[in-house]
Amino acid sequence: MVWAPDAPTTPGSGPAPLSQLQTLRLLDTGPRGLTEEQAEARLLEHGENTIPAQRPVSWPRRLARSLRDPFTMTLLALGLVAAAITSWGTAGVIVLLVLASCLLRSNGEFRADRSTAALRELVATTATVRRRAHEGGEPREREIPVDQLVPGDVIKLGPGDLVPADVRLLRAAGLTVHQAPLTGESAPVPKRARDLPEGDDHLCWQGSSVASGSALAVVTATGGGTLFAGAHHAPARGRSAFDQSVNGISWILVRLMLVVPPVALVAGAVLRDRGLEALPFAVAVAVGLTPEMLPVVVTTALARGAALLARQGVIVKRLPALHDVGAIDVLCMDKTGTLTRDRPVLSGSVGPDGKPDPEVLRWAAVNSFWTLHLTDPPIPDPLDEAILECAPDLGDTEGLEATPFDPAQRLSRAVVRDGGADVVVVKGAVEAVLDRCALGPGERLRAGEVARALAEAGARVLAVAVADRSSGGPGAEGGLTLAGFLTLVDEPSPDAAAALALLARRGITLKVLTGDHPATAARTCRELGLDVGAVIEAADLTAASAERATVIARCTPDDKARVVRALREAGHTVGFLGDGVNDSPAMRAADVGICPRTAVDVTREAADVVLAGKDLSAIDQAIVTGRRSTGNIVTYLRIALSSNLGNVIAMLAAGLALPFLPMLPVQVLLQNVCFDVAQLAFAFDRAAPAVLRGPFGLRPRGILGFIARFGALNAVADLATFTVLTQVVGAGDERSFHTGWFIENLLTQAVIMLLLRPVAPVSPPLWLATGSLAAIGLLLPLSPLAGPVGLTALPVTSCLWLVLVAVLYGGALAVLNRRRRL
């Protein structure tokens, strides 16, 4: 990878910088760019422009990473204990469980990563590069994937672009860059293309993003040779609320698992004088408490949901984000381009007195034309395009310099030569322009009233001001003469009203965060049928008002992020939908960042979910899928853990009451394997309608309460089975008792899987899983495998009694579960 000698190893350090010509000579290139042949040769020499750390994780590493799950580590510890006491059967089954869990989880993660990588190719970041077909050919600009950039390429940068490699500026107009990933500076840093620079303001580094302005630059380093690759290590994404909840439940159960078996072992030694011969049974009980398939079910459910969304053009870049999408209860969004069409329409131009004045439109068009022409942004401002579509003749003007719209200052500026005079033309937000105009108190008051009346009529208002600079007069910072105001209107998106109504029915609170005038935003929301409620300005924002307001107007990018943080601190799960560079701070602050595929690069990279288009109905699809996936995971946790807890309680109680162990260790592990495999069907189950009605997430307290209630009920059913086996069936010998309880456990677990799930039509995979579970319980004692695992055939009447107990248990479950809600 090539690195220009003047490039510092860290921003703000390094040798004396080179001139533009010296840099171009060193890189063997020029302002016209490389030829295609040169670019191909350099790509072979230096490799693709990718960060080495982003290479796919290898299978061995992925498999080793899956061992870090708390349940898996505990299972391994139990396997070592079993091996230490020469209980090889128990140790072998534990090893099989660990291998199966790790292999399934690794395979699920591999498939999810592969799908995500394939989907990312659809939204791969591109760069505008200037290249020539051959040595004497004319340069042509075209879009190429950033991984195809090579040192010496000449590229163009515009607002919202990610800087794709380390570059040296050749030309810049109003360029400011966010380089917080490298320097920690929160504010955009101005950059200049001076031929003999001082410091490093002529350099931009990979990992930064363009906040405003445009530039022409030459690539000085790519791939592993960039400052980003050499000095920056991106911090790992913090655990989501879902991950924290799952781990919290996991560690509670691990602690329980580490406490219950030793207590049972001591009680058995004291009451039954069993001593260490009961140790294998205690280890098997501990394994029985462990939901070994938790990582597999979670990964499978989320990956399946992401794959279903991918078929609809919705890309989930981070699997846990699918849960967070389903848990969203507040969705924040911008107005322009989301609720309205991207192209505003000019509706009028008036002077400071409010009367029609076409000269205002001419000056605004002069500003728009030369701003677009001199700064050459990759995506023209829709406001400028709307103005130019209705503009009259611009007159004899010549553009001298221009600064594109700056979100911080909220205005754009152009300096033109008009009829022999140099004129500064400023266009932007009313308050920003009026603050720079030389107006008396009365004039300022009247101008403000005119602008306010136009805005309250539902129009977007821009102010236009001019100043003669030919004789050293005022510039853009003050002393301007107010020319007048422009009014533009936004047409609501045709599908927005129906989509907003659907999201409201899903129980989601909608908030509009916009830089527009409050009345303008409120009018658009009312046209779309949105209950506006409170309308506030960002300057008046408080934590309470952020929750109360539907429309928050005059927002800067930092204000949007501040609103999102306030809502999260209030306990909400917040999603943010945006597509502009000014939306990226709020997107990073939200629980879930959502953007359309057409969003600018920096916003698309910050998003967790990428939509196929700006159709709001796609968000509803993602929310529904997220809730379904989370519902399946919650169903698995409730049923698996309550069943495991009930069985363990019953086995411990029976172990103290019987003169022999209620089940052999190998039988405990065998039934656990059968139940675990059957529970994989929950990842493919249907969701209950109640899951889709409102925000749905993982609630540890509710799950643990459910486990306690139905775990106790399951223990009662198992103890009832114990009574039937000893008093009615007459299974007094060990082998018959073990067989009866083994059959009953599998039958009741099949009943639990059907009746403790949310009320909804049972899916075919679940019917197959529960039917197989019951069949194994009834047929295994009749098979040749019965002897090796300590089972025997029971009389038909005994089996009928066991089926009756399962039916009665199912009836009790149905009655208790009828009024239960998610």
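User: Which residues touch the most other members in the largest nonpolar core?

Analyst: This is a predicted model. Its largest nonpolar core has 87 residues, and helix H22 (residues 617-657) gives the most to this core, with 14 residues. The members that touch the most others are Leu331 and Met753.

User: Which residues does Met753 touch, not counting residues up to four places away in sequence?

Analyst: Contact here means heavy atoms within 4.5 Å. With residues up to four places away left out, the list for Met753 consists of Ile639, Phe675, Ala678, Gln679, Phe682, Leu766, Ala769, Thr770 and Leu773.

User: Which strands stand at the edges of the open sheet of eight strands?

Analyst: The order of the strands is E9-E22-E21-E20-E10-E17-E19-E18, with mixed pairing. An edge strand has a single partner, so one of its sides is left without a neighbour in the sheet. This applies to E9 (315-316) and E18 (534-537).

User: Which residue in E19 stands opposite Val512?

Analyst: Strands E17 (residues 509-513) and E19 (residues 549-553) run parallel and are joined by two bridges. Opposite Val512 stands Val551.

User: Around the axis of helix H16, how wide is the arc that its buried residues cover?

Analyst: In H16 (residues 496-505), the buried residues are Ala496, Ala499, Leu500 and Leu503. They lie on the same side of H16, because the arc they cover around the axis is only 100°.

User: Which exposed residues does the face of H16 turned away from its buried side carry?

Analyst: Exposed means over 50% relative accessible area. On the face of H16 turned away from the buried side, the exposed residues are Ala498 and Arg505.

Conventions: Residues numbered from 1 in each chain as written. Predicted model: local features only at pLDDT ≥ 70, side-chain atom pairs only at ≥ 80, totals over all residues. Heavy atoms only, no water. Buried < 20%, exposed > 50% of the residue type's maximum accessible area, 1.4 Å probe, protein only. Helix = DSSP H or I, 4+ residues; strand = E, 2+ residues; numbered from the N terminus. Arc of directions from axis to C-beta. Pairing = 2+ DSSP bridges. Core = buried A, V, L, I, M, F, W, Y, C linked by side-chain atoms within 4.5 Å.
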